[in-house]
Amino acid sequence: MNATARYCLGLGDDALVLAHRLGEWLSRAPQIEEDMALGNIGLDLLGQARTLLTHAGELSGGRSEDDLAYLRDEREFRCVHLVQLPRGDFGDTVARQLVFSTYQLALYSRLVESTDPVISALASKAVKEVTYHRDHAVQWTLRLGDGTAESHRRMQASLDAVWPYADELFTDDDVSVAVAADGVGVLPSSLRGECEQVWADVLTRATLELPEPRSHARGGRDGRHSEHLGYLLAEMQHIARSHPGATW
Amino acid sequence: MNAGEWPLWEVFVRGKRGLNHTHAGSLHAPDATMALRNARDVYTRRGEGVSIWVVPASSITASSPDERDSFFDPAADKVYRHPTFYDVPEDVEYL
């Protein structure tokens, strides 16, 4: 598999796994309105994942998006740890969405210039989607952080729990170095400054503290995952594996 | 977060070719900013609109069902109030 395919696989797996986590909120959100909001965001991510996995498959011997989504085992997934974390409570999801949507907006804003036409076209469309995702996360961070004493305490706890997983998003590896050199992708480390600026601004307005974690998650892009991913994949893949080739 | 604590908002959406905002439904939201976002997610996710208004439901003064007879029945038999006795020029739109 060439570097572009591996790059698409990483970004596509991030979107696919987080889409599944957001889907877990359906019928479980604090309000039916939030049910819709989180479901919509999840579906946006699923759409991005489909394009990226399809492209990865085409570049590497014709595996379909379904083959890649449903027939790979856990160690073959290339998503970061952040997206695998259990959905937690609503504050946990808002914290993760703040981290991930800020990163994705910075990423796609740059990928609009990609020399790969599929990636560039996807990025142009996704920038609009992700702008909304970030806005949604920011609005809730402000309201929970600067809300009641209880919501403030819990929002801060959610941020503290999620922050050790932010650093992995900005870790350069062989794949990202190679695609950045070709103009196909961007170096993850080059997105860090912009994201940190957004987070610092939002958290200040929300009267929250920027967490300073002592340790950082690693290894997702190499297929080394937390225990959570296996359970998620079991749920996501079992129908497709129990009934190979089924259509409806 | 209890649904009972969030105020109700009435949502008005203007469609792509629509000339005016039309009542789409209602929803709960903690404030106007979130009401707009919720309205976007609930009422425009299939491409129904290009503009949204949200109005606190409490700001709407509605006619009462008890007054229906005196409010509306007298208008039922005033055929001369319809502008159907004029010829409308062909190039006049939206009439």
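Predicted model: local features only at pLDDT ≥ 70, side-chain atom pairs only at ≥ 80, totals over all residues.
1. Two residues are in contact if their C-beta atoms, placed from the backbone, lie within 7 Å. By that criterion, 45% of the contacts in chain B with a separation of 6 or more link residues 24 or more positions apart.

2. Chain B contains two helices and three strands. Along the sequence these elements follow the pattern β-β-α-β-α.

3. The overall dimensions of chain B deserve a remark. Its radius of gyration is 19 Å, whereas a compact globule of 95 residues would have one near 12 Å. Along the principal axes, the C-alpha atoms of chain B fill a box of roughly 55 × 40 × 20 Å. Of the 95 residues in chain B, 18% count as buried.

4. The strands of chain B form an open sheet of three strands, in the order β2-β1-β3 and with antiparallel pairing. Its edge strands are β2 (22–28) and β3 (51–56) of chain B, each of which pairs on one side only. On average, and with direction ignored, neighbouring strands of this sheet are turned by 30° against each other.

5. Within that sheet, strand β1 (residues 8–14) of chain B and β2(B) run antiparallel and are joined by six bridges. To find this pairing in the model, look at B:E10, which stands opposite B:S26 in β2(B).

6. One helix of chain B is placed against the strands. Helix α1 (residues 32–43) of chain B lies across β1, β2 and β3 of chain B. Relative to β3(B), helix α1 of chain B runs at about 130°.

7. How many residues does the contact take from chain A and from chain B? Chain A gives nine residues and chain B gives 13 residues. On the side of chain A that touches chain B, α2 (32–58) and α5 (117–145) of chain A each supply at least two residues. The most comes from α2(A), with four residues. By class, the residues on this side of chain A divide into three nonpolar, four polar and two charged.

8. In chain A, one helix pair can be described in detail. Two packed helices are described by the angle between their axes and the distance between the axes. For helix α1 (residues 3–23) and helix α7 (residues 174–182) of chain A, the axes come within 9 Å and cross at roughly 115°. The crossing of α1(A) past α7(A) is left-handed.

9. Which residues of α1(A) and α7(A) meet? From α1(A) they are A:A3, A:T4, A:R6, A:Y7 and A:G10, and from α7(A) they are A:V175, A:S176, A:A178 and A:V179. The contact of α1(A) with α7(A) has five nonpolar, three polar and one charged residues.

10. A:L18 also belongs to helix α1 of chain A. Is A:L18 buried or exposed? A:L18 counts as buried because 28 C-beta neighbours lie inside 10 Å, and a residue is buried if 20 or more other C-beta atoms lie within 10 Å of its own. Leaving aside residues up to four places away in sequence, A:L18 touches A:L45, A:V83 and A:F100. A:S215 is 197 residues from A:L18 along the chain, and the C-alpha atoms of A:L18 and A:S215 are separated by 22 Å.

Definitions and conventions. Residues numbered from 1 in each chain as written. Chains lettered and ligands numbered in written order. Nonpolar A, V, L, I, M, F, W, Y, C, P; charged D, E, K, R; others polar. Pairing = 2+ DSSP bridges. Axes fitted to C-alpha atoms, helices over the stretch in contact; angles between N-to-C directions. Rg over C-alpha atoms; globule rule 2.2 N^0.38 Å. Buried ≥ 20, exposed ≤ 12 C-beta atoms within 10 Å, placed from the backbone. Left-handed = near helix turned anticlockwise from the far one by under 90°.
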